[in-house]
Amino acid sequence: MCFTERKSLVRFLVLYLSLAITISSGATTISANQSLSGDYTIISKGEQFELGFFKAGNSSKYYIGIWYKKLYSNPPTIVWVANRETPISDRFRSELKIVDGNLVLLNESKSQIWSTNVSTTTTLKSAIAVLHDDGNLALSDSSNSVEPIWQSFDHPTHTWLPGAKFGYDNRVKRSQLLTSWRSNEDPAVGLFSLEFDPNSINYVSKWNGSQEYWTTGPWKEQVYNFTPELIRLNSIYNFSYYRNENGSYITYSPTMIARFVMDVSGQLQQQSWLETTKGWNTLWSQPRMQCGVYALCGAFGTCRQTELHFCSCLIGFKPRSENDWNQGDFSGGCERKTDLRCGGNVEKSDFLMVTVRSLPPNNSVAVGTAGICRTTCLSDCSCNAYSFINNQCSVWDGDLLNLSEDNASGNTIYVKVASKEIPHRKKNNFDTVGVVVGSVADVSMPPIPQIAALFVEDMGDDAFFTDSPSSGCRLVHSKFHRW
């Protein structure tokens with residue numbers, strides 16, 4: 001036999017042996033001598049759920065996940081993801097298999113990128129992974145499969161399924177988390193999460209793991225104080241609270257096909273399946289108002305509840321990533337279209353007046369009048385905005401977060417932008433103060449008592465008004481423009 005023939009035979013034998021240990025189609029388990037690759041999947045006994053490789057949207061990356069099988073939808077509804085932060089590019093050369101008692105995912109280079117990561121004395125030959133009809137993936141000792149060594153229900157991603165315990169584990173001193181996807185096409189860990197507080201028996205929604213923006217309130221008589229809608233839904237969902245030496249948790253067992261999801265929008269949503277539409281119907285969501293989600297639109301992004309698309313960039317700013325923005329991932333926020341006059345740049349700065357529901361966090365307090373407040377921010381390259389409310393000057397050096405516009409009431413903040421980015425309207429030959437609110441291009445005129453502050457002689461580009469008890473004038477804007 002020639003060398004070429006021997007080489008071909010070796011390739012055939014390797015392929016044959018690999019196929020011999022690959023999991024068979026329609027299997028419900030992965031045992032120690034099997035692996036899952038390519039388009040093969042495992043299916044729960046009653047064909048409720050399926051596990052395998054999947055792609056999210058138009059992404060070219062693959063993930064190991066669990067989805068509903070019996071509820072057909074396109075794309076499938078993913079309920080759990082293993083390798084959220086480490087996708088693979090070749091599902092045919094990657095493997096999900098049991099190694100030394102753990103379920104692990106090996107990429108195309110045979111490097112381990114995900115593992116159940118449990119310390120166990122279970123031998124390689126006795127470990128088995130089973131997908132159950134409730135959507136739980138359990139790793140067990142085949143000789144004692146009652147108590148799982150590891151289960152996906154203890155490590156939820158963005159979905160809380162019926163029957164799963166969601167709460168606080170005293171054994172590891174850690175709350176379970178529901179964490180949003182980064183976008184609809186990226187299952188990586190997003191900025192929004194839900195966790196359980198065992199002391200107050202609260203569920204708390206947080207931004208970036210730290211900033212709390214919604215809570216259920218304490219548990220009382222089978223329902224949470226701050227969520228009266230659940231009283232009506234409790235007969236459908238049958239919530240139960242448990243507390244023992246292992247931890248505190250709540251479970252639910254609905255009378256319909258349902259789930260809880262921490263959505264990419266930052267809202268916790270309660271959804272039920274509608275067979276007639278082959279889709280999910282949102283019965284309840286919190287916070288009710290989309291703009292109640294903290295920092296939904298990212299840095300220098302503003303949220304408007306009345307708009308079809310809640311998030312937009314302030315005038316003079318653009319999305320940091322158009323692609324992410326179009327996919328509903330606003331976490332990157334916005335960036336300046338034009339750099340300011342700092343560090344050698346020649347573009348002059350001006351201020352955009354924005355009325356917001358509440359002032360953004362992380363401000364510092366400065367001393368002085370409205371005019372001094374403005375000058376302080378204008379002369380400081382690191383200052384991005386200022387406000388002067390109740391005779392107190394506040395300045396912001398970092399990113400502006402959680403801007404929710406409310407032109408009817410609220411607080412006024414002046415955001416520093418390049419002068420050329422602010423639109424103006426020509427009228428007469430006077431220098432006047434331009435006021436721009438939010439993303440409205442037209443100039444808003446102040447009330448009649450402030451007219452005296454509008455028409456002035458030419459005092460140069462850097463002229464501005466300060467408070468004057470004698471004239472009754474106040475600061476409307478900080479930059480004069482020749483019309």
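I count two strands as paired if DSSP finds at least two bridges between them. Strands are DSSP runs of E with at least two residues, numbered from the N terminus.

I noted that this is a predicted model, where local features need pLDDT of at least 70, side-chain atom pairs count only at pLDDT 80 or more, and totals for chains, interfaces and linings use all residues. Residues are numbered from 1 along each chain as its sequence is written, and side-chain values use heavy atoms, with hydrogens and water left out.

Entry: a sheet. I looked up strand β27 (residues 301–303) and found that it pairs with β35 in the parallel sense over two bridges. T302 is opposite L403 in β35. The open sheet has three strands in the order β28-β27-β35, with mixed pairing. Its edge strands, β28 (311–313) and β35 (403–404), each pair on one side only.

Entry: aromatic rings. I took rings of Phe, Tyr and Trp (its six-membered ring) as paired if their centres lie within 6.5 Å; planes under 30 degrees apart are stacked, over 60 edge-to-face, and the rest tilted. The count is 26 aromatic pairs. The rings of F239 and Y252 have centres 6.1 Å apart and planes at 35 degrees, so I logged the pair as tilted. F239 lies in strand β22 (residues 239–244) and Y252 in strand β23 (residues 247–252), so the pair ties together parts 13 residues apart in sequence.

Entry: a charge over a ring. I required NZ of Lys or CZ of Arg within 6 Å of the ring centre and within 35 degrees of the ring normal. The charged end of R259 sits over the ring of W280, 4.8 Å from its centre.

Note on methods: Helices (H or I, at least four residues) and strands (E, at least two) are DSSP runs, numbered from the N terminus.
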